[in-house]
Amino acid sequence: MSFRSILWFVCAAVLGLNHNSLYGKEYKEHEINWEPLRKRPDLYQAYWAIYGDGKEQKTLTREQLKRSYEITETILKTNPKWVDGYWILGSTAFQWGSSYNDEKDLPLAREIFLKGKKATESCLKIDPNQPLCKLFLGSAIGSIGSIDGILASLKNAKTVEKLWLEVLASNVNYHFYPSITMQGSVRYGLGMFYRLIPDMWLIEWLFDVRGSLDKSIKLHREGIAFDGTNACSDIMLAVSLICKAKGDRKTPLGQEGFALLDKAASSDTENINLKLCVTDAQKVAEEPSRACGYTTTKQQDVSEEAVKKQNKS
């Protein structure tokens, strides 16, 4: 972590700042309406048997995530106006789909992300301003794009950027767990977005979006200020820093980036998604040319040559 980041955390602690009052903005905590689920005591008990009291991030299996999805889907069939249910479906689909990272399993992951996309689209038809539905709709579209290929999916990039910037600009936050918030998560997503979208005038001209490593680094730092660090937040900040440094270990950015990879690689976690970041951190450290196009789904080619080739096709 850089001196600047450390200084920020010290100042935040001294001033008594919390997740709901960062960056000069007061955030209102979203409150979930659980009433539709409570009307089904059997499913209510089954749902919370999966998640416990919700105070700690549990390591859920794919089977548990699938069951959680099925319970929420069942409740929505008789409560089709339950807005919270739709983003909960989107969130669960995102976690469930993200647990598949083997190349052979990506078609299945894509089907799951499509479920999340459909659910959050339904949500925004009911409440067009719901930020959690915007967060997970953008996540679903972005995850599908990572599977199909970032360059092949650029037609959807503006939609994702718009959704996530609207979440960023909102005065709403939500704690999925004490160390994972909506505002931290959207900064994590945008940090990846601005690294993976090429910083080229041609892309901006064709798709009205443009990458920026400076924006990427800034947003990842802000996300860590909201939620703290874990293996995935460390590796995502690291690859942006290393990409910006062009892989040079001797520059300040490069030094920070490789130190974060070492930290991520030595993390101890039972979470299936974080475990992937632990494994990948060592791979990127050994092959830093992967940094600019790294995703947990599959490696992306975002080089100028690839952009030109894609544009011709």
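Me: What does Glu 222 form a salt bridge with, and how far apart are the closest N and O atoms?

Reply: Glu 222 pairs with Lys 218, and their closest N and O atoms are 2.6 Å apart. A salt bridge here is a side-chain nitrogen of Lys or Arg within 4 Å of a carboxyl oxygen of Asp or Glu. Keep in mind that this is a predicted model, where local features need pLDDT of at least 70, side-chain atom pairs count only at pLDDT 80 or more, and totals for chains, interfaces and linings use all residues. Numbering runs from 1 along each chain as its sequence is written, and side-chain values use heavy atoms, with hydrogens and water left out.

Me: Where do Glu 222 and Lys 218 lie?

Reply: Both are in helix H11, four residues apart, which is about one turn of the helix. Helices are DSSP runs of H or I with at least four residues, strands are runs of E with at least two, and both are numbered from the N terminus.

Me: Is Glu 222 buried or exposed?

Reply: Glu 222 counts as buried because its relative accessible area is 10%. The cut-offs are under 20% for buried and over 50% for exposed, with partly exposed in between (1.4 Å probe, protein chains only).

Me: And which residue forms a salt bridge with Glu 121?

Reply: That's Lys 117, with the closest N and O atoms 2.7 Å apart. Glu 121 and Lys 117 sit four residues apart in helix H6 (residues 106-126), again about one turn of the helix. Glu 121 is partly exposed at 32% relative accessibility, and Lys 117 is partly exposed at 24%.

Me: OK, now Lys 244. Which residue is its salt-bridge partner?

Reply: Asp 214, with 3.1 Å between the closest N and O atoms. This pair links distant parts of the chain, with Lys 244 in helix H12 and Asp 214 in helix H11, 30 residues apart. Lys 244 is partly exposed, since its relative accessibility is 34%.

Me: How many salt bridges does the structure hold? And which residues are linked in a network?

Reply: There are 17 salt bridges in the structure. Lys 134, Lys 162 and Glu 166 are linked in a salt-bridge network.

Me: Switching to sulfur. How many disulfides does the count come to?

Reply: Three, taking a disulfide as a pair of cysteine sulfur atoms within 2.5 Å. Counting bonded cysteines along the chain, the pattern is 1-2, 3-5, 4-6.

Me: Start with Cys 123. Which cysteine does it form a disulfide with?

Reply: Cys 133, and their sulfur atoms are 2.0 Å apart. The pair links distant parts of the chain: Cys 123 is in helix H6 and Cys 133 in helix H7 (residues 131-148), ten residues apart. The link of Cys 123 and Cys 133 is right-handed, with 90° about the S-S bond. Cys 123 is buried at 0% relative accessible area, and Cys 133 is buried at 0% too.

Me: What about Cys 232 and Cys 277, how far apart are their sulfur atoms?

Reply: Their sulfur atoms are 2.0 Å apart, in a disulfide. Cys 232 lies in helix H12 and Cys 277 in helix H14 (residues 272-286), so the bond ties together parts that are 45 residues apart in sequence. The link of Cys 232 and Cys 277 is right-handed, with 95° about the S-S bond. On accessibility, Cys 232 is buried at 9%, and Cys 277 is buried at 0%.

Me: And why is the disulfide of Cys 243 and Cys 292 right-handed?

Reply: Because the torsion about its S-S bond is about 100°. Cys 243 is in helix H12 and Cys 292 in the loop between H14 and helix H15 (304-312), so this pair ties together parts that are 49 residues apart in sequence. Cys 243 counts as buried at 12% relative accessibility, whereas Cys 292 is partly exposed at 27%.

Me: Last topic, backbone. What is the phi of Asp 208?

Reply: Near 60°, a positive value in a residue other than glycine. Most residues other than glycine have a negative phi. Asp 208 lies in the loop between helix H10 (201-207) and helix H11 (213-227), and it is partly exposed at 48% relative accessibility.

Me: And where is Lys 246? Buried or exposed?

Reply: Lys 246 is in the loop between helix H12 (231-244) and helix H13 (252-265). Lys 246 counts as exposed, because its relative accessibility is 77%. Lys 246 also has a positive phi, about 55°, although it is not a glycine.
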